Amino acid sequence: MDSLAKLRKDITTCEACPRLVNWCREVAVVKRAAYIDDTYWGRPVPGFGDPAASLLILGLAPAAHGANRTGRVFTGDRSGDWLFRALHRAGFANQPTSTDAHDGLRLVDAYVNAAVRCAPPGNKPDPAERDACRPYLERELALLRNLRVIVALGQFAYDVVSRHVQLVSKPKFGHGVEARGVVTLNEHRPVTVLCSFHPSQQNTFTGRLTEPMFDAIFTRAQTLIKE
């Protein structure tokens, strides 16, 4: 029988993509000056959250000096700062900060992961690396049996989700766009895919994504879960 614990082990020991494995290890040795005294994780990063989650949040990939350093997805970088503040305001997290894997953060009815589990150079995985990670998301979707809503952070995540969820239709990606579909693994479960701009510095510094815009995504997710 599969389990989230087994999946975590399989992800963290994966060496399917040599370019990514080597990059994660190199970054963990070279480090960034601000984190020179930190012991980097330096390997694939598994998902994190509530096993009974109704909400799944999917990002692109771990940040080289964020999750690749801390070992927990969206932890230790500015994108994660935005995400966990929003989840806390919406009641999906017990605290608004995420600094390291042992900081006491607990997600409530939510689970967070990334489409690609290794930090890619330039934050740009290639198609083969994207596809090598697909079985891990497939297993997560099968194991998260209470799932009702998937928030896709960015076009990349939306495209990956659409390969796993049988959508009624696939509207063009945009902030707040919704697509209804079915997870067909093990049983047919209805889900709503909810699109959001990624909380990257490029989006947040330019004002393309604001905190009220981001909060609206998780308020909508709450409504969809309760329907």
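The model is a predicted one.

Begin with helix α1, residues 4-12. Its buried residues are Leu-7, Ile-11 and Thr-12. Viewed down the axis of α1, these buried residues lie within an arc of 125°, so they line one face of the helix. That buried set packs against α6, residues 134-143. Ala-5 and Lys-9, on the other side of α1, are exposed.

Helix α2 comes next, running over residues 18-30. With 13 residues at 1.5 Å a residue, α2 should span 18 Å, and the distance between its end C-alpha atoms is 18 Å, which agrees. Which residues of α2 are buried? They are Leu-20, Val-21, Cys-24, Val-27 and Ala-28. Because these cover an arc of only 135° around the axis, they sit on the same side of α2. Their cover includes α3 and α5, the latter being residues 127-132. The face turned away from the buried side of α2 carries Pro-18, Val-29 and Val-30, which are exposed. Just after the helix, Lys-31 adopts a positive phi of about 65°.

Helix α3, residues 67-70, contains Asn-68. Is Asn-68 buried or exposed? With a relative accessible area of 0%, Asn-68 is buried, because buried here means under 20%.

How many cavities of 30 Å³ or more does a search of the whole structure find? The search finds 1. The largest cavity has a volume of about 90 Å³. Its lining is made of 15 residues, and those nearest the centre are Cys-14, Cys-17, Pro-44, Cys-118 and Cys-133. Helices α2 and α5 each contribute at least two residues to this lining. By type, the lining of the largest cavity consists of 12 nonpolar and 3 charged residues, with no polar ones.

The pockets are open spaces and are taken in order of volume. The largest pocket has a volume of about 750 Å³. There are 30 residues in its lining, and Ala-63, Ser-79, Asn-123, His-198 and Ser-200 lie nearest its centre. At least two lining residues come from each of α4 (78-89), α7 (155-162) and α8 (201-205). The largest share of the lining, 3 residues, is that of α8. The lining of the largest pocket divides into 13 nonpolar, 13 polar and 4 charged residues.

The second largest pocket has a volume of about 220 Å³. It is lined by 14 residues, of which Arg-8, Pro-46, Gly-47, Phe-48 and Arg-72 are the closest to its centre. Two or more residues of this lining are given by α1, and likewise by β1 (48-49). The lining of the second largest pocket holds 8 nonpolar, 4 polar and 2 charged residues.

Key. Residues numbered from 1 in each chain as written. Predicted model: local features only at pLDDT ≥ 70, side-chain atom pairs only at ≥ 80, totals over all residues. Heavy atoms only, no water. Helix = DSSP H or I, 4+ residues; strand = E, 2+ residues; numbered from the N terminus. Buried < 20%, exposed > 50% of the residue type's maximum accessible area, 1.4 Å probe, protein only. 1 Å grid on protein atoms, 1.4 Å probe; cavity = no way out; pocket = protein on both sides within 12 Å on 5 of 7 lines; lining within 4 Å. Points joined across faces, edges and corners; volume = space filled by probe spheres on them. Nonpolar A, V, L, I, M, F, W, Y, C, P; charged D, E, K, R; others polar. Expected span 1.5 Å × (residues − 1). Arc of directions from axis to C-beta. Contact = heavy atoms within 4.5 Å.
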